[in-house]
4 protein chains.
Amino acid sequence: MNFALIGAAGYIAPKHMEAIKSIGGNLIAAVDPHDSVGILDSYFPKCSFFTEFERFDRFCEKLRRNGERIDYVSICSPNYLHDAHCRFALRIDANAICEKPLVLKNKNLDALEDIERERNKRVYSILQLRLHPNAIRLKSLVDKRKGTSIVRVEYVAPRGLWYNYSWKGNVEKSGGLTTNIGIHLFDLLLWLFGPVRLVDVRETNGQGVKGTLGFYKTAVSINLSIDGDTSSRVFSVNGEDYDFTKNFTGLHTKATRILSMDMDLV
Amino acid sequence: MNFALIGAAGYIAPKHMEAIKSIGGNLIAAVDPHDSVGILDSYFPKCSFFTEFERFDRFCEKLRRNGERIDYVSICSPNYLHDAHCRFALRIDANAICEKPLVLKNKNLDALEDIERERNKRVYSILQLRLHPNAIRLKSLVDKRKGTSIVRVEYVAPRGLWYNYSWKGNVEKSGGLTTNIGIHLFDLLLWLFGPVRLVDVRETNGQGVKGTLGFYKTAVSINLSIDGDTSSRVFSVNGEDYDFTKNFTGLHTKATRILSMDMDLV
Amino acid sequence: MNFALIGAAGYIAPKHMEAIKSIGGNLIAAVDPHDSVGILDSYFPKCSFFTEFERFDRFCEKLRRNGERIDYVSICSPNYLHDAHCRFALRIDANAICEKPLVLKNKNLDALEDIERERNKRVYSILQLRLHPNAIRLKSLVDKRKGTSIVRVEYVAPRGLWYNYSWKGNVEKSGGLTTNIGIHLFDLLLWLFGPVRLVDVRETNGQGVKGTLGFYKTAVSINLSIDGDTSSRVFSVNGEDYDFTKNFTGLHTKATRILSMDMDLV
Amino acid sequence: MNFALIGAAGYIAPKHMEAIKSIGGNLIAAVDPHDSVGILDSYFPKCSFFTEFERFDRFCEKLRRNGERIDYVSICSPNYLHDAHCRFALRIDANAICEKPLVLKNKNLDALEDIERERNKRVYSILQLRLHPNAIRLKSLVDKRKGTSIVRVEYVAPRGLWYNYSWKGNVEKSGGLTTNIGIHLFDLLLWLFGPVRLVDVRETNGQGVKGTLGFYKTAVSINLSIDGDTSSRVFSVNGEDYDFTKNFTGLHTKATRILSMDMDLV
């Protein structure tokens, strides 16, 4: 299986390279405006690299014309570019494997679905947290439970000053704290409890959000913050704590393996 | 001791952060046009970060006016920017601790010396290889030896395709293979054998250089290459091999500690 | 007719805006990494503007989904991006009107033709010099003439030092003097005399090219240069001079009008 | 007199080139991250051009060391960079001639004054509106008048959609409408009526500001807007209209001539 990767110099790219390598895939081309991509040497030294998207596009298009198919495009770019890069993947007849969130505005999701149909390819999202051992335990517990649950989520992921001066701190580019960091816990909650029926934001600023999400059979009190001294990612369900601070190793690889078999994550 | 750092998103920056932390220094400000600097969280989460040099300059200037001295500026930018960033350091009344090479053209070295005198501050170069255990053994051996030596250097540092499409592969920006990678071995040779008297380049292309350097008491045959499957950094002196492939851990820290005491490296 | 424009901050963009306005077209969206596009106010103040290609792509894609067709994409980007931007145009179901040269390498032309067929849209090139009064006179003269002709072209277009430090002076990006400036005279010669049978380059450097082009019924001696004090664009045919230094006003508009009727330029 | 210029590809740069040329100055070096600077050919084709500030810095520093003085640095960069670029000018022993506003925050002005003293050079601001014929008439009228005045300012400068997506529409970079466009009228009012004693903002949004400025002997009602179909820059003083929509030609040149004689503008 042939891969291309968008956003090779960023924080999350090495996890994708690791995943591609682990499942026996081949990374053929990578692009990033920033050229600090020495990490490629550890995984795919023969990978073509581009600092300009147009040249990357030309290379991928040439492969397509020569019948050398790129099967998947892994997308690790800043959030606000995700959907444009997914469209690129579909246009060169590849599937997209995209970091969360896929889009920053709902209506852009419709556009992605339309183009999925047009091109008969798929956009997969990396929902690796669902593969975490504690997530699996929780899911099984929640699925069995008949009555309502009381859930509290404490999600503190301290970030230094740099965060606010990177694209992650720019609401236009990251969507803000909830789409950039909160997305992990929201995905888990949606998976566990189904659709959200009520959103109550009590407090919000650039450093944190506090509020409640109402689901059919549970209300979840949430404290999401990047301010603090130590990481803490804990889901308390009916008094029992499920910790998501550790054991992330290998989840990207697992997720990629599943998606690359054209299966949904869960 | 207060530090500022230029080039925070690059490959070598974490070694400088590690070094600054280890010697009890404080990193106050960092700059890089690229904002993938999450690594700061592991060392100096309170460090101010800027993606534009002008804003970094304003911040440093403000500190200077308020009497909060920046003692050292660590410079990890692409090679061709080193001297401009050294000048910046001196202008804000700091010393510079700069990655090799300091300049790409000799005459720019004169300019640095002039401004060192003008500002009464110093530009230090990180010559960490001289602190490598094998370098120290070699130096002691060479210093004791009376007659001439026969030296061969095999310096193979494989790099993937990306290298040629990054600033490192751009002669205007890196100075080419000899100034970007060869600088390590040239520094060691100069330290061991004194000034060069003869340069004979036999073969050169973007991927490698072969040739001979003549010193007063030895001729060194050199094979420098980024093409190959495995790393190999070996100095053969009179038949004995000195390996520089491993044991680099901590050298940046040692070098920084020495420089920060305003002492020369060796 | 709706237009989008790529490269709005560059030198040639105002001529395209003028042309679009003159033929009653509407410029809906424009993109350029540089935001010095105040010129838009003189032509299309309601035009959406983007500094990032991905956002421009999203906007165009949204229009396409809503059935608001973009009929033409005018392409004024640096030469090496032309074919990638033409592909973009075709992918959003628009025709491309592209500055010369379309590509820097022949084989990329094949790729464009393939995708023209796939998408059933066309890539037009702005060959405005063919509409110059002197070009028309020359064409009529040459078409009537039976015997061989003696032709000399003196094409001196002085450029300052900046030229070498812009993308125009970068062979990778402009293709060099012949594809960036020479393209004008080569296009005219091909149009007048048919296919080239012989190329003889006598002298070439970053500032000029001298040589001869052999056609079926004529040999053309060429002096192309950006070094000099005054502009001079003269075709001498059998002793008579045809001047192309002036009278360019309106040619972009004429060319755009013709192309927008889906007609070939000549 | 030798000049260097920062921001050569921007909207206002040609006025500075024109001014430098007119007063017999020589533009030696120019810098802009964007390379669309063909305009240089019309004024100073021999001018060195750089797309990276560090290289420009190296060039200027080299001149300084060789005793080729740069007398003035003209600054046409985005507003938020003005003070950093002024500092650069002073550090290379040149005076700065800077577009308004000099700074976006008051305290940065103190820093500039300190460094002016340190380096014994000056930062001049281009206050060209004070040289407008109607400004001069108004000034003379106001200076003679004993009683209070009733003043209304209607300053409508329509801008297209692009404005909001350029640095000018970014409050962090331009300071917003009042510092980017309003600065012209505020400068005039301060010059005419002295220090402001009261600020009353009635209405403000990204497209306009309405309010009143109270001076010692007059209250000025202001309507500043970039929304509208036609430009209108009118000061109504005691019922008489003074129009500032036209007759700007040559004011930059006049201002530069005066400043280059080390005289204050008025």
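**Surface patch and A–C interface**

Q: Is Val199(A) buried or exposed?
A: In this predicted model, local features need pLDDT of at least 70, side-chain atom pairs count only at pLDDT 80 or more, and totals for chains, interfaces and linings use all residues. Residues are numbered from 1 along each chain as written, chains are lettered from A in the order written, and side-chain values use heavy atoms, without hydrogens or water. Buried means under 20% relative accessible area, exposed over 50%, and partly exposed in between (1.4 Å probe, protein chains only). Because its relative accessible area is 58%, Val199(A) is exposed.

Q: Which strand gives the most to the nonpolar patch?
A: Leu190(A), Val196(A), Val199(A) and Val201(A) make a nonpolar surface patch of about 330 Å². Such a patch joins nonpolar side chains (Val, Leu, Ile, Met, Phe, Trp, Tyr) within 5 Å, from residues with over 30% relative accessible area and no salt bridge. Val199(A) lies in a strand (a DSSP run of E, at least two residues). With three residues, the top contributor is strand β8 (residues 196-205) of chain A.

Q: How many salt bridges are there between chain A and chain C?
A: A salt bridge is a side-chain nitrogen of Lys or Arg within 4 Å of a carboxyl oxygen of Asp or Glu. Asp114(A) forms one with Arg65(C), with the closest N and O atoms 2.5 Å apart. Between chain A and chain C the count is 14 salt bridges.

Q: How many residues does the contact take from chain A?
A: Contact means heavy atoms within 4.5 Å. Chain C gives 28 residues, and chain A gives 28 residues.

Notes: Patch = residues over 30% accessible without salt bridge, like charges linked within 9 Å, V, L, I, M, F, W, Y side chains within 5 Å. Areas by Shrake-Rupley, 256 points an atom, 1.4 Å probe, with all protein chains shown as cover. Helix = DSSP H or I, 4+ residues; strand = E, 2+ residues; numbered from the N terminus.
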